[in-house]
Amino acid sequence: MAELKVKLGSDSYDIHIGTNWISELANQFTQMKFSSNALIISDSNVAPLYSNKIAAVLNSVGFSTEHYSIDPGEQSKSATDAMDIYTKAIESKLDRKSPIVALGGGVVGDLAGFIAATYLRGVPFIQIPTTLLAQVDSSVGGKVAINHPLGKNLIGAFYQPELVFIDTLFLDTLPERELYTGLAEVLKYGVISDCDFFDYLRQNSNDILMKRPETIIKIIHRSCQIKADIVSTDERETGLRAILNFGHTIGHAIEAYTNFEKYNHGEAVAIGMHGAALISYHMGLCSAEVVEKICHCITKFHLPLKAAHCPADKILPLLVRDKKVINGKLNWVLIKDLGQVTIVNNVPDAIIAAALNEIT
Ligand SMILES: NC(=O)c1ccc[n+]([C@@H]2O[C@H](COP(=O)([O-])OP(=O)(O)OC[C@H]3O[C@@H](n4cnc5c(N)ncnc54)[C@H](O)[C@@H]3O)[C@@H](O)[C@H]2O)c1
Ligand SMILES: [Zn+2]
């Protein structure tokens, strides 16, 4: 097992990573000063697989457990679902110290976290992420949100969990495509801040794809560490945290253009990382070899390099709708070298268009 701390003053918390160790949750819960009724929020894919196991562990140390299961998928990150869960929380008589447990992927984590942040102005929140993407990304950093019909994640808060508990065993039941989507974010961490980690990913891709426990623990640990370090320096995204958006500017535009149906998040980010790498190269910031290495890894992880049927002239206007536009200027996270990025807000339109043409 591995452990690390997200350092945020009084809001600091631990991330615990292990394999086949759900029973350890008993220890963690007894150390916290929670009320004894917990609400486990999950989705209807994950709940039948793991909800009862988690409940049994919590019951064994004196917690009663209520369950709420949402339909799987992004459409459940909604105000309607949130309202239904508030009703469940009130009816279950959850008080200010009752823990809300998110058991699932990023959809469950974001929604449950939003409930935890707002119900009674904030109750304890525990993340038990079950997708690789949630284990390396969405469960760390404290961004919680629901969607608005006019846009994703528009209603939200920064709200830190008390604990992130990761069991790599959950990945055994994860569909392969969801594993690959998480690997896009893992690759991103290597590119933005650790060239040795990037090389490790390149050299161990087969073990990663076979989900060898030591390898998986290592990549989750290093990914969480990189994200935790960045978030600890810049909790509210006023500076450094923006580098986590590498590949996301184009990625979000592709997701939007394809109505969030054709590509999942990691796939769109992979295409976006390819685009950002090309822009970096055309701006004279990095070598062709860097672009080639990134493309090689993206392909190794069964992720796409190009978005077919997404014409560049349709993607371009969507870029400026990105949340990260400030004062009309698009901030690009670009690569200087593997493990080293910089933020540039004066990329010529012609270079953006040329890169988009290469990836669509
Ligand atoms: N808060 C953040 O910082 C942050 C960061 C990145 C992404 N996100 C959010 O995360 C969401 C995407 O998360 P995701 O990729 O985890 O998707 P998801 O939560 O939709 O899960 C993907 C699919 O896998 C299923 N699943 C989950 N765990 C499983 C398991 N162990 N076995 C079998 N099936 C399982 C789910 O039911 C679902 O169908 C988006 O809403 C995105 O906005 C948030
Ligand atoms: Zn992402």
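Q: A helix is a DSSP run of H or I with at least four residues, numbered from the N terminus. In which helix is Asp349 found?

A: Welcome! Keep in mind that this is a predicted model. Asp349 is found in helix α14, which covers residues 349-359.

Q: How should I read the packing of two helices, and at what angle do α13 and α14 cross?

A: Two packed helices are described by the angle between their axes and the distance between the axes. For α13 and α14, the axes come within 9 Å and cross at roughly 130°. The two helices are therefore oblique to each other, and α13 passes α14 in a right-handed crossing. On the α13 side the contact involves Ala312, Ile315 and Leu316, which meet Ile352, Ala353, Leu356 and Asn357 of α14. The residues of this contact divide into six nonpolar, one polar and no charged.

Q: Which residues of α11 and α14 make their contact?

A: Geometry first. Helix α11 (residues 265-282) packs with α14 at an angle of about 135°, and the axes are 9 Å apart. That makes α11 and α14 oblique, with α11 passing α14 in a right-handed crossing. From α11 come Ile271, His274, Gly275, Leu278, Ile279 and His282, and from α14 come Ile351, Ile352, Ala354, Ala355, Leu356, Glu358 and Ile359. By type, the contact of α11 with α14 has nine nonpolar residues, three polar and one charged.

Q: Could we try another pair? How far apart are the axes of helix α3 and helix α4?

A: The axes of α3 (residues 79-91) and α4 (residues 106-118) are 10 Å apart, and the helices pack at an angle of about 55°. An angle between 35 and 65 degrees falls in the oblique class, and α3 and α4 are therefore oblique to each other. Their crossing is right-handed. Asp81, Ala82, Ile85, Tyr86 and Ala89 of α3 meet Leu111, Phe114 and Ile115 of α4. Seven of these residues are nonpolar, none is polar and one is charged.

Q: Which residues are buried in α9?

A: An α-helix has 3.6 residues a turn, so residues three or four places apart point the same way. In α9 the buried residues include Ile216, Ile219, Ile220 and Ser223, and among the others are Ile226, Ile230 and Val231. For its length, α9 (residues 213-233) has 21 residues and reaches 30 Å from first C-alpha to last, close to the 30 Å expected at 1.5 Å a residue.

Q: Why does Ile335 count as buried?

A: Ile335 lies in strand β10 (residues 332-337). It counts as buried because it has 25 C-beta neighbours inside 10 Å. Leaving aside residues up to four places away in sequence, Ile335 touches Val191, Ala277, Ser280, Leu285, Cys286, Val290 and Val341.

Q: What about backbone angles: what is phi of Lys211?

A: Most residues other than glycine have a negative phi, and most peptide bonds are trans. Lys211 has a positive phi, near 55°. This lysine lies in the loop between α8 (205-209) and α9 and is partly exposed, with 16 other C-beta atoms within 10 Å. His309 also has a positive phi, near 60°. It is found in the loop between α12 (288-300) and α13, and it is exposed, with 9 other C-beta atoms within 10 Å.

Note on methods:
Residues are numbered from 1 along each chain as its sequence is written. Chains are lettered from A and ligands numbered from 1 in the order in which they are written. This is a predicted model: local features need pLDDT of at least 70, side-chain atom pairs count only at pLDDT 80 or more; totals for chains, interfaces and linings use all residues. Axes are lines fitted to C-alpha atoms, for helices over the stretch in contact, and angles run from 0 to 180 degrees between N-to-C directions. Angles under 35 degrees count as roughly parallel, over 145 as roughly antiparallel, 65 to 115 as roughly perpendicular and the rest as oblique. A crossing is left-handed if the near helix is turned anticlockwise from the far one by less than a right angle, and right-handed if clockwise. Two residues are in contact if their C-beta atoms, placed from the backbone, lie within 7 Å. Ala, Val, Leu, Ile, Met, Phe, Trp, Tyr, Cys and Pro count as nonpolar, Asp, Glu, Lys and Arg as charged, and the others, Gly among them, as polar. The expected span of a helix is 1.5 Å times one less than its number of residues. A residue is buried if 20 or more other C-beta atoms lie within 10 Å of its own, exposed if 12 or fewer, and partly exposed in between; C-beta atoms are placed from the backbone.
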